[in-house]
Amino acid sequence: MTSTIRVRFAPSPTGPLHMGGVRTALYNYLFASQHGGTMILRIEDTDQTRYVPGAEDYIVEALAWCGIHFDESPAKGGPHAPYRQSERRELYKQYSDRLIQSGHAYYAFDTPEELEALRKAAEANKETFIYNAETRKTLHNSLNMSAEEVEALIEAGTPYVVRFRIPEHSVVEMDDLIRGRVVVKTETLDDKVLFKSDGMPTYHLANIVDDHLMEITHVIRGEEWLPSLPLHVLLYQAFGWKAPQFAHLPLLLRPDGNGKLSKRDGDRLGFPVFPLAWTDPFTGEKSSGYREAGYYPEAFVNMLALLGWNAGTEQEIFSMDELVEAFSLERVSKSGARFDPAKTRWFNQQYLLIRNEEQLAEELRIVLNNKGIKFADDKLVPICRLMRERVHFVHEIFEEGSFFFEAPESYDEQVVKKRWKEESAAKMQQLVAVLEKASEFEPAALDALLQQFITDNGLNTGAVMNALRLLLVGASKGPHLSEIMWIIGKEESLKRIFAGIDRLSQTTQN
């Protein structure tokens, strides 16, 4: 494998990182790692009007949580520092000037009001205004002025932008590592702004200049950037630079219907679309995150990797090292990948199941501590063993097994109606007398004691066990009864039985 491969993930700090962005970072990381290459984080913050405080820190923290690490970044530095575009702003103008001097770009002095009037006029004729090779011939730009006129306007401080001069009557031919050959006629392209009146470059210029200066060999990015590919290829040609290889990843699609997965879909259907929880600094609006929802980062990454790529085998569970070994751009799909919330929960369950019981117990202890619940350490491991196959998340061990930690405060009405009979109280009082004398309170001994009680009194096993479960748990759920009794202990078991008999007796009398 070559060691010269260099890729970058270049997010804009305009808000929280969408899971689609995480997948883009992940695919870049897998590709670079597999080829012994270099992974770069570059923050593209040229659009200061959309900058959101805290967004950059969020991006860095989210990627670290996912196990995606960088060789060069704003924090780590590197041979091509700085890695934040706002700190590189001084260098972009020279490249804008270079394009003007070579005739590949021009000054445009059209005001926003003039351009808006042209758009509205086009709309009135059911057309779309495009600043292109045809319309630029009649507009307020340096292509239609003498050098003296242009210089006078600039010296007078007249606002301007620099636009790229799309070649007329040409064809742009490009190769995409996922989509193959792409051919576009230049008549369909507009003269994009490269340098803005505020002295900052647009995405297009800064992106190309930085990718060249940082020696990026492969640009792996989302499908939404595919329409920009012809311009970027033309820019490389205009500068006389060798273009990197491009790969445009398929969209993540909403679970139902058509279209790109959005935060609204998550809000509507009840799942996160961001790796970490996020609070909007302007509105205070809170958005959920996979980390806070209880997902393991490994499960989140595993799920994302398979949204748009497959290994060509039946394997679904991959460690990061296995993903690095198996990944290839050739097996990335061209079509969008539909997100499945249920499958995402399944992935987390698989990672929960392969965790050892001591790890789970430690994670459960954190959940309990956060709820202010103290519990015997030696019982957490058996609780995790009993509950792990019944849940998708560690916090669900508490939620689904709350009866281990707290006595029932109410009793399921449907279960009471079905399982609590007129004679149930008397039978449970008989059982209490037997349990009080029990010298051993471990599962095997309790199983034997309960069976002996049922046999000696000629009782129905189901009737006894269902009534007992109702008293201990408050519902018709949970693992084996003797395991529950052993974990909560003799004193608590008897206390719950007494309390339940008393409350249910009152209920049935009423």
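Student: Which residues in α9 meet residues in α11?

Tutor: This is a predicted model, in which local features need pLDDT of at least 70 and side-chain atom pairs count only at pLDDT 80 or more, while totals for chains, interfaces and linings use all residues. Residues are numbered from 1 along each chain as its sequence is written, and side-chain values use heavy atoms, with hydrogens and water left out. Helices (H or I, at least four residues) and strands (E, at least two) are DSSP runs numbered from the N terminus, and contact means heavy atoms within 4.5 Å. Here Glu-298, Ala-299, Asn-302 and Met-303 in α9 meet Thr-344, Phe-347, Asn-348 and Tyr-351 in α11. These contact residues divide into four nonpolar, three polar and one charged, where Ala, Val, Leu, Ile, Met, Phe, Trp, Tyr, Cys and Pro count as nonpolar, Asp, Glu, Lys and Arg as charged, and the others, Gly among them, as polar.

Student: At what angle do α9 and α11 pack?

Tutor: Axes are lines fitted to C-alpha atoms, for helices over the stretch in contact, and angles run from 0 to 180 degrees between N-to-C directions. Helix α9 (residues 297–305) and helix α11 (residues 341–353) pack at about 135°, with their axes 9 Å apart. The two are therefore oblique to each other, since angles under 35 degrees count as roughly parallel, over 145 as roughly antiparallel, 65 to 115 as roughly perpendicular and the rest as oblique. A crossing is left-handed if the near helix is turned anticlockwise from the far one by less than a right angle, and right-handed if clockwise; α9 passes α11 in a right-handed crossing.

Student: What is the handedness of the crossing of α18 and α19?

Tutor: That crossing is left-handed. The axes of helix α18 (residues 461–473) and helix α19 (residues 481–488) come within 11 Å and cross at roughly 35°. Where they touch, Met-465, Leu-468, Arg-469, Leu-472 and Val-473 in α18 meet Leu-481, Ile-484, Met-485 and Ile-488 in α19, a set that divides into eight nonpolar, no polar and one charged.

Student: What is the order of the strands in the open sheet?

Tutor: Two strands pair if DSSP finds at least two bridges between them. The open sheet of three strands has the order β3-β4-β7, with antiparallel pairing. β3 (105–108) and β7 (193–195) stand at the edges with a single partner strand each, so one side of each is left without a neighbour in the sheet. On average, and with direction ignored, neighbouring strands of this sheet are turned by 45° against each other. Four bridges join β3 to β4, and Tyr-107 stands opposite Val-162 in β4. Two bridges join β4 (residues 161–164) to β7, where Val-162 stands opposite Phe-195.

Student: Are the residues that point either way from β4 buried or exposed?

Tutor: Buried means under 20% relative accessible area, exposed over 50%, and partly exposed in between, with a 1.4 Å probe and protein chains only. Val-161 and Arg-163 point one way from β4, Val-162 and Phe-164 point the other way, and all are buried.

Student: How many residues of helix α6 are buried?

Tutor: Nine of the 11 residues of α6 (residues 203–213) are buried, so this helix is largely enclosed by the rest of the structure. Among them are Tyr-203, His-204, Asp-210 and Asp-211. The buried residues pack against β1 (6–9), α3 (89–101), β7, β8 (218–222) and α7 (229–239).

Student: Where is Gly-336 placed?

Tutor: Gly-336 is in the loop between α10 (320–326) and β13 (337–338), and at 34% relative accessibility it counts as partly exposed. Its C-alpha atom and that of Lys-260, which is 76 residues apart along the chain, are separated by 8.5 Å. Leaving aside neighbours within four places in sequence, Gly-336 is in contact with Pro-250, Leu-251 and Leu-253.

Student: What joins β5 to β6?

Tutor: A hairpin joins β5 to β6 through three residues. Six bridges join β5 (residues 171–176) to β6 (residues 180–185), and the two strands run antiparallel, with Met-174 opposite Val-182 in β6.
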